[in-house]
Amino acid sequence: MPELLIKNGLLADADGERRGDLLLKGGRIVRAGGRISARGAEVFDAAGLWVFPGFIDAHVHAREPGFEQAETIASAAAAAAAGGVTSILLMPNTSPAMDSPRLLRKYAPGAAAAPGNVVFSAAATAGRAGSRATDFAALKKAGAKALTDDGSALPYGLLPELIKKAAAAGLPLLDHPEDLSVTGRGVCHPDAAARLRLPGIPDISEWLAVLRDTLAASAAGPLHLQHLSLAASVEVLRQAKAAGWPVTGETCPHYFALSQADIRRDDADLKMKPPLRAEKDRRAVLAALADGTLDIIATDHAPHSAAAKAGGFGRGPFGVIGLETLAPLCVTELVLKKVVSLPRLAALLSANPARLLGLRRKGRLRPGFDADIAVLNPRAWRRVPAQFVSKSANSPFVGRALRGWPALTVVAGRIAARA
Ligand SMILES: [Zn+2]
């Protein structure tokens with residue numbers, strides 16, 4: 001396999017940042033830092049650019065099987081590569097739900113052929129129906145890297161059992177915290193809903209689920225809370241961590257880059273679950289990213305066709321795409337506004353998701369680690385285009401001016417995308 005030498009970049013991972021070169025060979029990082037020369041290697045000049053371990057997105061909906069008109073495993077992986085994301089964890093709310101070793105094995109070849117590392121989560125309950133646990137050990141043996149009923153909350157009555165079984169199987173359990181009895185027919189934040197004359201989603205839909213699921217974890221074992229969006233939720237997470245409870249949390253770019261005030265018309269490209277919250281919630285999410293309360297930024301990339309989204313807030317489906325705007329949103333809203341340092345961003349996007357998912361050779365720029373690299377250009381300034389590599393275009397950020405676009409994405413030592 002050819003060598004790739006990335007020269008003169010600012011190398012940033014969770015351990016720190018330093019100027020230097022990076023040599024990749026045989027799918028691994030061979031040397032990191034200092035001046036490196038390698039005769040015959042392909043050279044990429046990263047002067048003025050930031051070189052990160054490839055981003056690991058722990059929350060992606062690839063829509064295959066069942067909704068291939070919106071996205072496929074291959075198109076999601078291509079969108080990821082375009083965004084500097086070298087590993088994606090797929091959610092199991094496909095049709096049928098990814099709840100058996102047979103289904104995992106059926107879709108493994110497509111994942112292996114995709115232009116990036118594609119790993120699966122499996123449903124924690126049969127059919128994601130919330131009544132019976134799946135066979136966690138068998139799912140792990142078939143390749144599952146996590147368990148979740150994402151799209152639906154884990155059933156509270158079963159939660160202690162699910163937490164204990166997941167810990168015994170050595171798999172992370174990911175929870176979509178929502179109380180559907182509170183959400184009801186709500187479509188967005190109550191203030192925006194009032195403007196649209198539609199039913200709202202009260203904050204306690206998430207808050208209540210975060211509280212009770214965190215309490216369950218305090219007694220039973222590790223639990224990862226997905227897509228936290230509320231000041232109240234990150235405060236629960238902060239206190240749980242202070243108490244030493246084994247709870248981790250993620251948020252998504254739309255929760256730190258947008259608020260419900262951005263919903264100015266009936267545009268379902270701003271409709272997702274949980275919904276955009278109040279400005280105070282956005283600020284609390286930023287604070288929790290800065291102080292380490294939140295562990296992970298994931299996209300919750302949720303493609304939907306334009307025809308489906310044409311139903312507006314009333315009838316359109318929940319979810320927005322995010323793989324191709326992740327990096328510039330993090331650079332523009334977090335780094336350039338001095339919310340987080342480059343090493344902290346590398347922890348949020350690479351080291352922490354690698355740890356959560358047990359990807360031992362990923363997440364750092366160290367010799368012996370996988371040669372998955374994301375190079376960003378902090379000076380690259382452009383508006384989010386209306387066209388995406390993703391098969392879907394339901395982004396709330398189209399037209400927004402952002403800095404920090406990917407210049408180069410490397411997966412296993414090979415160039416997967418180049419600006
Ligand atoms: Zn979810």
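Reader: Hi! What spacing do the donors of the zinc ion follow along the chain?

Author: Hello! The zinc donors follow the spacing D-x25-H-x50-H along the chain. Donors here are N, O and S atoms within 2.8 Å of the metal (3.2 Å for Na, K and Ca); water is not among the atoms, so sites may look incomplete.

Reader: And which residues are the protein donors?

Author: They are D150 (OD), H176 (ND1) and H227 (NE2), lying 2.0 to 2.2 Å from the zinc ion. H176 sits in the loop between strand 10 (173-175) and helix 5 (180-183), while H227 sits in the loop between strand 11 (223-225) and helix 8 (231-242), so the pair, 51 residues apart, links distant parts of the chain. Helices (H or I, at least four residues) and strands (E, at least two) are DSSP runs, numbered from the N terminus.

Reader: Thanks! Before we go on, what sort of model is this?

Author: It is a predicted model, where local features need pLDDT of at least 70 and side-chain atom pairs count only at pLDDT 80 or more, while totals for chains, interfaces and linings use all residues. Residues are numbered from 1 along each chain as its sequence is written, and side-chain values use heavy atoms, with hydrogens and water left out.

Reader: Back to H227: what is its phi?

Author: Phi of H227 is near 30 degrees, a positive value in a residue other than glycine. Most residues other than glycine have a negative phi, and most peptide bonds are trans.

Reader: Where are the cis peptide bonds, then?

Author: One joins E64 and P65, with omega about 10 degrees, and P65 lies in the loop between strand 6 (55-60) and helix 1 (73-82). Another joins K273 and P274, with omega about -10 degrees; P274 is in the loop between helix 9 (253-257) and helix 10 (279-291).

Reader: New topic! How is the chain divided into domains?

Author: Domain 1 covers 4-50 + 370-418 and domain 2 covers 53-357, with bounds from an automatic or database domain assignment. Their centres, taken over C-alpha atoms, are 25 Å apart.

Reader: How many residues are in contact between them?

Author: 33 residues of domain 1 are in contact (heavy atoms within 4.5 Å) with 49 residues of domain 2.

Reader: And how much area do they bury?

Author: About 3300 Å², 68% of it on carbon and sulfur atoms. Buried area is the accessible area (1.4 Å probe) that two parts lose on being put together, summed over both. In domain 1, K391, N394 and F397 lose the most area to domain 2, together 19% of what that side buries.

Reader: How many salt bridges cross that interface?

Author: The rule finds 1 salt bridge there (a side-chain nitrogen of Lys or Arg within 4 Å of a carboxyl oxygen of Asp or Glu).
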